[in-house]
Amino acid sequence: MDPGMSIPIVSISRIAERVGQEVRLRGWVRHHRSSGKLQFLTLRDGAGEIQAIMSKGILGEEQFSLAKHLTQESSLAVTGVPRAEARAPGGYEIEVTALEIIHLAEPFPVQPKEHGVGFLMDHRHLWLRSTRQQAILKIRHAIIKACRDFFDEREFVLIDAPIFTPNACEGTTTLFQTQYFEETAYLTQSGQLYEEAAAAAFGKVYCFGPTFRAEQSKTRRHLMEFWMVEPEMAFAGLPDAMDLAEAFVAMVVERVLETCRNELQVLERDVSKLEAIVPPFPRLTYDEAILRLQGLGSSIRTGEDFGADDETTLSQQFEKPVLVHRYPAKIKAFYMQPDPDNPDRALCMDMLAPEGYGEIIGGGQRIHDYGTLAARLQDHQLSAEAFQWYLDLRRYGSVPHAGFGMGIERAVAWICGIAHVRETIPFPRMLYRLYP
């Protein structure tokens, strides 16, 4: 409560518990219209929306007149008694008995009309207040909470990986380089290598944080800065990683369906497509996937990596995510374990989301033999000295181990059913976008 106030301040999301009781609400004006001696506000507080009715007879001439000047996004506090009203935003309304204008906003630049993408991105700090953007980011919140709950409930230990790293994880061509006192450092591409060290200490671990790729890409799937959740397991192989990824994605989708129905409705998402995301997921080897793609008209040849169009084409053939495994070793990272039955193939996998959304998860089994890893570093022209600590993990109690990484923004885009990842993170960093 405010000092000296006896009327409780209530979140709009809890208004159902306060029907018939005098409360105080604080928030911002979403909409405002006047009808003679009545004015109607849609008030939002970040947790919900409610219709506020202001009557000249109840408020008095002075406050009623002040209310006429309320603009979109003006901040205010209202006092009154809420009641159920099915036709009102959020299903409730409040008849205002007292009004306090905290700040009268200037004309708001983001209006409920068509704006260009450039304009909206320049005003991202204000665009976040729109109903659609709030729905997307609330679903993102639910996805992140589900990720943490999934691994916490399975006794994975959260181990934070560093942002500054001395060497590359995924490749040397997509690194953001920075000065680290007298040394050169890079912004992390992945926490995986450090999670491998942690897995040898704790058995099952995960990290969750921002990762960076300096990719010269302007596609709808790419950001320069994005978030990944990366589990790693000791005494595990490729089948364990695929089983975990399948259960993980199914649980995340189930949680969003449980907690974000209203937000999915705002986005006009076809929830029947999400309700179909239950195990088992289809699984294809890379070679089987190549044959499918060629049969669908793709010009891809065996040995080549999938492009975005190939991922889209393949994923559109399934109603569930599809796991593609055992890619050619030469197109995958240096740390991937060769398939003992076919050394030209790696024990790795990608999960492609349905409806054409493409890869959301990549992972597999890591090399656990010192000699094999040392040879792969040499093949990739990577410094054994820079990776000495990583090689050490293969000298002291090395075991088969596996894991994966899921990009949050791509998962959000798929689950929300939106076309571009720029809307899946509060302040996207793209090839030509560093503002705001």
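Tyr 180 counts as partly exposed because its relative accessibility is 37%, where buried means under 20% relative accessible area, exposed means over 50%, and partly exposed lies in between (1.4 Å probe, protein chains only). The model is a predicted one, in which local features need pLDDT of at least 70 and side-chain atom pairs count only at pLDDT 80 or more, while totals for chains, interfaces and linings use all residues. Residues are numbered from 1 along each chain as its sequence is written, and side-chain values use heavy atoms, with hydrogens and water left out.

**The surface patch**

- Tyr 180 lies in strand E8, residues 177–180; helices (H or I, at least four residues) and strands (E, at least two) are DSSP runs numbered from the N terminus.
- Together with Phe 164 and Phe 181, Tyr 180 forms a nonpolar patch on the surface, and the three have about 380 Å² of accessible area together.
- Accessible areas come from the Shrake-Rupley method with a 1.4 Å probe, and for residues only the protein chains shown count as cover.

**The open sheet**

- Eight strands form an open sheet with mixed pairing, in the order E6-E10-E11-E18-E17-E16-E13-E12; two strands pair if DSSP finds at least two bridges between them.
- Strand E6 (157–158) and strand E12 (283–285) stand at the edges with a single partner strand each, so one side of each has no neighbour in the sheet.
- Within this sheet, strand E11 (residues 225–234) pairs with strand E18 (residues 401–407) in the antiparallel sense over five bridges, and Glu 232 stands opposite Gly 403 in E18.

- In helix H6 (residues 192–202), the residues Gln 192, Leu 193, Glu 195, Glu 196, Ala 198 and Ala 199 are buried.
- The buried residues of H6 pack against strand E10 (204–212), E11, strand E17 (358–366), helix H13 (388–392) and E18, where contact means heavy atoms within 4.5 Å.
- After H6 comes Gly 203, which has a positive phi near 90°.
- Arg 394, in the loop between H13 and E18, is buried with a relative accessible area of 8%.
- The side chain of Arg 394 makes a polar contact with the side chain of Glu 196 at 2.8 Å and reaches the backbone oxygen of Ile 367 at 2.7 Å; a polar contact is a pair of N or O atoms within 3.5 Å, and within protein one must be able to donate a hydrogen and the other to accept it, while residues adjacent in sequence count only if both atoms are side-chain atoms.

**Strand E2 and its neighbours**

- Six of the seven residues of strand E2 (residues 38–44) are buried, so E2 is largely enclosed by the rest of the structure.
- E2 pairs in the antiparallel sense over seven bridges with strand E1 (residues 23–35), and also over seven bridges, again antiparallel, with strand E3 (residues 49–55).

**Val 110**

- Val 110, in the loop between strand E5 (92–103) and helix H3 (117–122), counts as buried at 9% relative accessibility.
- Val 110 and Arg 124 are 14 residues apart in sequence and 9.6 Å apart in space, C-alpha to C-alpha.

How values were computed: Patch = residues over 30% accessible without salt bridge, like charges linked within 9 Å, V, L, I, M, F, W, Y side chains within 5 Å. Salt bridge = Lys/Arg side-chain N within 4 Å of Asp/Glu carboxyl O.
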